[in-house]
Amino acid sequence: MTSSRTALLCGLALCCLAGSAVSAELPADARIVYDLLYGDGQMRVGRAEQQWRVQGGRYELRTDIVPVLGPRIRYLSKGRLTDAGLVPESFAEYRGSDKAPRVSADFDWSALEVRYGAQDDRHTAALERGAQDVNAFAFQLAWLGDKAAGSLQVATGKKVAQHRFAGGPASTITLNGQPTDAQPWRSGDSHERTEVWVAPKFANLPVRVVRIDDGKELRLVARELRFTPAARPAR
């Protein structure tokens with residue numbers, strides 16, 4: 001896999017509901033299988049799988065990306081599910097069979113700081129209320145529903161960035177072999193953009209994630225989604 005594709009791959013977060021209500025619930029568990037597409041969306045370069053689980057007011061999201069070329073990438077997010085949605089505590093990115101993360105982010109909500117980077121090169125940034133990690137932020141958009149428009153701070157293992165999401169018109173996609181509506185949230189422009197498409201009939205979960213970086217495009221397009229409704233947030 002070329003360096004540009006690898007950079008785009010790491011930029012995906014596995015990363016406008018007109019008429020939808022704000023949800024205080026997310027599934028108790030979910031499994032989403034994606035095709036990984038490069039360029040104009042016609043070249044399949046791998047697959048990805050997300051596994052979401054909530055138990056005892058805590059969530060865990062694991063994303064495994066298996067490219068045709070290059071090492072596997074695994075993202076792992078952990079945190080609390082509350083009345084404010086997802087409250088992240090940790091994020092880590094692993095490559096191949098590595099036991100230690102290549103980069104990570106730790107959220108200190110009492111100090112309102114996030115510490116991120118490689119183990120031997122840590123950085124600290126101010127943390128905003130409602131901030132998310134790059135792997136799980138799409139699930140926060142799902143939880144927010146039609147209130148997702150606006151600014152969202154997102155931390156990766158390499159940087160902390162500000163995204164401003166706006167809704168777009170719905171489209172019909174194929175999921176589980178059947179047509180269903182999906183509606184997008186977009187942040188950025190044609191040169192650098194992040195998109196998250198959610199499916200209202202499937203617990204508002206992310207069914208398409210698009211990352212455009214320096215004009216190059218990488219997509220995660222869901223072909224299978226199963227979930228168990230619904231986990232109530234901790235009170």
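1. Ala203 lies in the loop between strand S14 (192-199) and strand S15 (205-213). In this predicted model, the phi of Ala203 is positive, at about 60°, although the residue is not a glycine. Most residues other than glycine have a negative phi. Ala203 is partly exposed, because its relative accessible area of 27% falls between the limits of 20% and 50%.

2. Asn176 belongs to the loop that runs between strand S12 (171-175) and strand S13 (178-188). With a relative accessible area of 25%, Asn176 is partly exposed.

3. Strand S15 pairs with S16 in the antiparallel sense, over 6 bridges. Within this pairing, Ile212 has Glu217 in S16 as its bridge partner. The hairpin of S15 and S16 has 2 residues between the strands, and Asp214 takes a positive phi near 55° there.

4. Strand S16 (residues 216-228) is also joined to strand S1 (residues 29-38), by 10 bridges, and the two run antiparallel. Here Leu36 stands opposite Leu220 in S16.

5. Which residues touch the most other members of the largest nonpolar core? They are Trp52, Leu86, Leu141 and Val207, in a core of 57 residues. Helix H2 (residues 137-144) contributes the largest share of this core, 7 residues. In soluble globular proteins, nonpolar side chains tend to be buried together.

6. Leaving aside residues up to four places away in sequence, its contacts include Leu26, Pro27, Tyr59, Leu86 and Phe139. Ring pairs link Trp52, Tyr59 and Phe139 into a cluster.

7. The whole structure contains 5 aromatic pairs. One of them is formed by Tyr75 and Phe91, which are tilted, with 5.8 Å centre to centre and 40° between the planes. Tyr75 is in strand S4 (residues 73-82) and Phe91 in strand S5 (residues 85-95), so the pair links parts of the chain 16 residues apart. Both Tyr75 and Phe91 are buried. The rings of Phe107 and Trp109 have centres 6.2 Å apart and planes at 15°, so this pair is stacked. Phe107 and Trp109 are both buried.

8. Two arginines lie over ring faces. Arg74 is placed over the face of Tyr94, 4.2 Å from the ring centre. Arg208 lies over the face of Trp197, at 5.2 Å from the ring centre.

Key. Residues numbered from 1 in each chain as written. Predicted model: local features only at pLDDT ≥ 70, side-chain atom pairs only at ≥ 80, totals over all residues. Heavy atoms only, no water. Core = buried A, V, L, I, M, F, W, Y, C linked by side-chain atoms within 4.5 Å. Buried < 20%, exposed > 50% of the residue type's maximum accessible area, 1.4 Å probe, protein only. Helix = DSSP H or I, 4+ residues; strand = E, 2+ residues; numbered from the N terminus. Contact = heavy atoms within 4.5 Å. Pairing = 2+ DSSP bridges. Phe/Tyr/Trp six-rings, centres within 6.5 Å; stacked < 30°, edge-to-face > 60°. Lys NZ or Arg CZ within 6 Å of the ring centre and 35° of its normal.
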